[in-house]
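Trainee: Please take one residue of this model and look at it closely. I would like to know where it sits and what lies around it.

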Amino acid sequence: MEHSLPRRALAGVATLALALTGALVAAQPAAAADDRLVAHYPLTETSGTTAVDTSGKGRNATYVGGAALTGGEGVRLDGTDDFVDLPDNLLGGLNSVTISTDVLIRPNQATPYFIYGLGNTDGGGVGNGYLFSSGNNYRTSIATGNWTTEQTVNSGAALERGVWKTITYTLDDATDTARVYLDGVQVAQATGVTIKPGAIGGGTTTANYIGRSVYDADRRLAGSVRDFRVYNAALSASDVAALAP
């Protein structure tokens, strides 16, 4: 005749197993923060005016103009006066860079516009050294002065509107090569891109925005943005692919 453990004993064994499992999980080290991040803005706040930098660098940003905070759907910008004001000198000291974000551009977006612009604006409201991405056509440029100094990598096609897209730009100082990716897949490449991000404004940039151009006459972004990241390196293709949802 077989003998079975009493229910109380079985319960005790199960409790011990769960406790040991929990202890093993707790003993696992937490995932290390990516030390290549200059700043990371999930843009998932639901109230307030502070866009928290989760990179650990403390570079918090500010929501301007009453932007709608929707949590997991990012910050919704109205195309009129909303934008995210990023800290000064965000590109200072960078030779290579990666900038990546999720963006949804609404069908009524007017042109010209920047999805983001990091740089400076002169006294006449003209861009004076900057790095930006736009969706018509989907391209990214870096410049030391106004538009005549831009070095551009261009996909040759407009971003689809009304849907979320992950856009990523990398600039590798070692090869002077810029690349743009769409949803984790490279769609264009340019060589001979010699401007270093840290050279813009001699390292001083005071017009760093999400949803606003460094040209005052340009349109604001009508759309939503989330998961905005700046890295101090040109990420590999596999790293970029991992950023796409």
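Mentor: Thr98 is buried, as its relative accessible area is 0% (buried means under 20%, exposed over 50% and partly exposed in between, with a 1.4 Å probe and protein chains only). This is a predicted model, where local features need pLDDT of at least 70 and side-chain atom pairs count only at pLDDT 80 or more, while totals for chains, interfaces and linings use all residues. Residues are numbered from 1 along each chain as its sequence is written, and side-chain values use heavy atoms, with hydrogens and water left out.

Thr98 belongs to strand S7, residues 97–105 (strands are DSSP runs of E, at least two residues, numbered from the N terminus). Its side chain makes two kinds of approach to backbone atoms. The side chain of Thr98 comes to 2.6 Å from the backbone oxygen of Ala233, and to 2.9 Å from the backbone nitrogen of Leu235. A polar contact is a pair of N or O atoms within 3.5 Å; within protein, one must be able to donate a hydrogen and the other to accept it, and residues adjacent in sequence count only if both atoms are side-chain atoms.

Leaving out residues up to four places away in sequence, Thr98 touches Thr168, Tyr169 and Thr170, along with Arg229, Val230, Tyr231, Ala233, Ala234 and Leu235 (contact means heavy atoms within 4.5 Å).

How values were computed: Helix = DSSP H or I, 4+ residues; strand = E, 2+ residues; numbered from the N terminus.
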